[in-house]
Amino acid sequence: MNAWLFLAFGLTFSPADDVPIMPRSPAPERQLRDHLHGEVHKAMDARRAAIAALKTPEDVARRQKDLRQKFLNALGGVPERTPLNGKTVGKA
C-alpha cells in the first residue's frame, strides 16, 4: 500500500512544477574537496580555540606533552632503547 501512495504522490509532480525534492549538491568532482575543506576548517577552529585558552607556561607545557603523546601514538610508539654496541669493521 505504501508503494502505491508513493507512486501516486510521485506521479503528481511534473518537471515543470519546479518543486525541489532533494537539495542541490555540488558537482561530484567537488564533493570530496568540499568535505575535506570543511573538516580542515573544523580542526583549525578547534586548534585556534585551544591555543587561545593557553594562559600560563604550565598550560603550554601540558599542551606540548599532550601533542607529543598524540604524535607518538599516531606513529605507533617508538621502539625500546637498546645498547648500540657499535663496532668498527674497517677504515677508509
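Author: The model is predicted. The protein chain contains three helices and zero strands, and from the N terminus on its elements run α-α-α. Asp59 belongs to helix α3, which covers residues 57–75.

Asp59 has a relative accessible area of 17%, and because buried means under 20%, this residue counts as buried. Across the protein chain, buried residues make up 2% of the 92 residues. The chain exposes about 9400 Å², of which carbon and sulfur atoms supply 62%.

When neighbours within four places in sequence are left aside, Asp59 is in contact with Ala53 and Leu54. Within helix α3, Asp59 and Arg62 are three residues apart, which means a separation of about one helical turn. These two residues form a salt bridge, with the closest N and O atoms 3.1 Å apart. Their side chains also make a polar contact at 3.1 Å. Arg62 counts as partly exposed, at 48% relative accessibility, whereas Asp59 counts as buried.

The count of salt bridges comes to five. Among them is the one between Asp34 and Arg30, with the closest N and O atoms 3.6 Å apart. Both of these residues lie in helix α2 (residues 28–52), four residues apart, or about one turn of the helix. Asp34 also forms a salt bridge with Arg33, where the corresponding distance is 3.1 Å. Through shared partners, salt bridges join Arg30, Arg33 and Asp34 into one network. Asp34 is partly exposed at 27% relative accessibility, whereas Asp59 is buried at 17%.

Key: Residues are numbered from 1 along each chain as its sequence is written. This is a predicted model: local features need pLDDT of at least 70, side-chain atom pairs count only at pLDDT 80 or more; totals for chains, interfaces and linings use all residues. Side-chain values use heavy atoms; hydrogens and water are left out. Helices (H or I, at least four residues) and strands (E, at least two) are DSSP runs, numbered from the N terminus. Buried means under 20% relative accessible area, exposed over 50%, partly exposed in between (1.4 Å probe, protein chains only). A polar contact is a pair of N or O atoms within 3.5 Å; within protein, one must be able to donate a hydrogen and the other to accept it, and residues adjacent in sequence count only if both atoms are side-chain atoms. Contact means heavy atoms within 4.5 Å. Accessible areas come from the Shrake-Rupley method with a 1.4 Å probe; for residues, only the protein chains shown count as cover. A salt bridge is a side-chain nitrogen of Lys or Arg within 4 Å of a carboxyl oxygen of Asp or Glu.
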